[in-house]
Amino acid sequence: MAALCESFTLCGLGPSGGVGLGGGLLALEPGPDPDHVLLTDRGRTATLFKVSDQKPLGGWSVKHGQIITCPVVCNFETHEYIAVHDDKVLRIWKNKDINLDKVFKATLSADVYRIHSLPNGGPVVLFKGGGVRTLDVLLEAPQQEIENIVSDEVIKWSEAFMEGQQPVLIFATEKDGDFFVYVQKLKMNSLHKYKLEQQELSKPLSFTAYIKNQTITLLCLYSNDSVYKVLIPLQQNTEEEEQILSKSLLLNLSVSGSVLKGTSFVVVDKDHIAVLGSLAASGEESKECLTIWNTKFQTLQTSKELPLGTSGQLWCYEEKFFFTHGKVLTVIMYKCETSSLAAAVGKLKDSQTPDVSSFVNWNTLGDEELVVSFQSQQSVALKSESKMTLRSKRNTVAKVQPDTLSVGQLLLNLKDASTTVFEDELRQLISKAQMPDFQATIGSVITALINRCKTNPKYYPRNFLLHIVQTRDLSYSLCPDLMAVALEKKDVHLLQICLQRFPDIPEEITYACLKVFLSISEAYLQRIDVNLESVICYIDIELNNKEVKTEIVENGFNAELEQDIWDTKITKETHLTADGEFCPVGPQKAALLNAVLHSAYSETFLLPHLKNLPAQQAVLFLRYLYYLYVKCSEKINTTLPGIRSPTINQIMDWMCLLLDAHFTVMVMLPEAKELLSNLHKFVRAQVRFYSELNKIEGSLRELQRLNHQKDSQTYSIEVLELI
């Protein structure tokens, strides 16, 4: 039994995607961690992503005029990254490196086709002429001569495996319509060439392979909508120069009169493959979709329509599919159980068929637009006469009972419903907690609400949206337009909750929230319902909105002792900020800013946005961060009281980011001069204080050791001299 589970967006691919993938995706490779992937675009950039957080961890680009010509890979043994640009120039760098111009560079003597990185075998370099070298051997003499093996043939595909301790490389070539397969065992320096048996009126479109029991299983997707299997034993005793490989039919990509025109495919397990392509019934318009097939029982297990189109590329890592969908890179998780006849035909006990049409984009659907819902494989295998049904909106209403409607069909039917009926139906939909693809359904509900907001500017179900976000575990990728609409409506409470609960908010949206929070007036915020739990314990407010006495425990900064190095007076009653006032913002704005401080971000991608923050807002934000910094330093454990209060590390990180983005401007601004001066003095005082603590650290440890040695049973007074 195979099923497609929840999906999410990893990143955008257009010019506004924020990760430099505007030229399209060249390849996706595994990163140094199972949760990391490396994306290489068709241009100059490589980006490392953490999949679970949908966050970029780092990005690197070659200079303008240079082009990365093969996928960037990770050396799993050294945790270094390897790239080739302009066919011959090899670059190697580590996470900490930023400028690729300053990292290791080697110019090779031949053009590189691909680098394959093996977990226990190191990187293997395949050249366009068919020559193969391990990276270690290549770096010993980068200008060494590389043999040309394939002559006039063009390499179409390659893959590498580990068979025991032996790296094995396989690649396919094409010349004048003939296809050849090469297998090379690197340690034995053994190379075998094979010719692929020709297929009348069709040719291979895509290859994939795996190795087991000293045998390579090569799978070939042909243009006649079939997948063929070729077995290549590694143990070859024959000295024949070229052998012909016979193939056997593994799978026909057709079901109930519909044919899948596959573009790429991957092996899921020994009994399942996933195919990306266009599915078309006779006389019907083709629909791009992702499918999983059972090769053992020749059945289609599950399918998901992709209405926005794909690039035809498909990758599979850590039980996740990766593919482009429209202008984003989409990730779909899947599950595959042990293959059995009952599972293959959909009769496995308690099996559930996920709703594959969970998402509907009303911006692209007309009244008569068709909604495709792939039925369970039970219908495919046992009821051949029951073909995939395509119903228009009117047909669905007339023929399908409400209880059997898919999520997509239900949302489409509600498009023109009244507001009351619309919201009541959506509440009923999200109350079905046991339904399949529950998270995807919630995302669809929010999308439906947001789309109605767009078509009717006067409609904005603020309380309904707040309830969903507060009670459900959502993410930004499930409802990417939600925060954009909240920003447009200046719904700061909803933005605050989203910042607190969404783990994958893009840096551009985080910056937009910060800018809105800083620009809204205090008078307006006092009329708005904002969650104050992060500030209520350290900013006490009287009726006249003035800050009053807060509990303070000094942490080595006595005002009288530090007057010579810190001009800003500290008392036991209040803290003054740089301009002589109390907290520079009101409690509502402080709570909103705290939500921003808690949001996850990548410094590389947030810094360019912060540079666009107006100077006055940047100074105000820095004043508040300085205020929090002083507050934290008063406490012995440097921790602010309250729920979701900022940590000292978050405060310092944001201060550094803000100063990096605006330091030149702040130095020029008269109103920021005193703030920077006091900040400098305060940090210097802390450094001196901790330096003094370090001086007596040894004495304190010795005192602790002496106290452990003595177990005084009677009262005594001892005087210890610290030298």
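A residue counts as buried here when its relative accessible area is under 20%. Keep that cut-off in mind, because at 0% relative accessibility phenylalanine 621 falls on the buried side of it. Tryptophan 654, at 1% relative accessibility, counts as buried too. One caution before going on: this is a predicted model.

Those two residues belong together. Phenylalanine 621 and tryptophan 654 form an aromatic pair, with 5.8 Å centre to centre and 70 degrees between the planes, which makes the pair edge-to-face. The pair links distant parts of the chain.

Are tryptophan 60 and tyrosine 81 buried or exposed? Both are buried. Trp60 and Tyr81 also form one aromatic cluster with Trp93.

Next, the strands. There is an open sheet of 4 strands, in the order E17-E18-E19-E21, and the pairing is antiparallel. Strand E17, 204–212, and strand E21, 248–252, stand at the edges with a single partner strand each, so one side of each has no neighbour in the sheet. From one strand to the next, the twist averages 25 degrees. Strand E19, residues 226–233, is joined to E21 by 4 bridges, and the two run antiparallel. To place one of these bridges, look at serine 226, whose bridge partner in E21 is asparagine 252.

Of its 8 residues, 7 are buried, so E25 is largely enclosed by the rest of the structure. Which strands does E25 pair with? One is strand E24, residues 272–281, which is joined to E25 by 8 bridges and runs antiparallel to it. In that pairing, isoleucine 273 has tryptophan 293 of E25 as its bridge partner. Another is strand E26, residues 299–305, with 6 bridges to E25, again antiparallel. There, asparagine 294 is bridged to threonine 299 in E26. E25 and E26 form a hairpin with 4 residues between the strands, and within this hairpin glutamine 298 takes a positive phi near 60 degrees.

Last, a pair of helices. The axes of helix H9, residues 482–489, and helix H10, residues 492–501, come within 9 Å and cross at roughly 150 degrees. The crossing of H9 and H10 is left-handed. Which residues meet there? From H9 they are Leu482, Met483, Ala486 and Leu487, and from H10 they are Leu494, Leu495, Cys498 and Leu499. The residues of this contact divide into 8 nonpolar, no polar and no charged.

Note on methods
Residues are numbered from 1 along each chain as its sequence is written. This is a predicted model: local features need pLDDT of at least 70, side-chain atom pairs count only at pLDDT 80 or more; totals for chains, interfaces and linings use all residues. Side-chain values use heavy atoms; hydrogens and water are left out. Axes are lines fitted to C-alpha atoms, for helices over the stretch in contact, and angles run from 0 to 180 degrees between N-to-C directions. A crossing is left-handed if the near helix is turned anticlockwise from the far one by less than a right angle, and right-handed if clockwise. Contact means heavy atoms within 4.5 Å. Ala, Val, Leu, Ile, Met, Phe, Trp, Tyr, Cys and Pro count as nonpolar, Asp, Glu, Lys and Arg as charged, and the others, Gly among them, as polar. Two strands pair if DSSP finds at least two bridges between them. Buried means under 20% relative accessible area, exposed over 50%, partly exposed in between (1.4 Å probe, protein chains only). Rings of Phe, Tyr and Trp (its six-membered ring) pair if their centres lie within 6.5 Å; planes under 30 degrees apart count as stacked, over 60 as edge-to-face and the rest as tilted.
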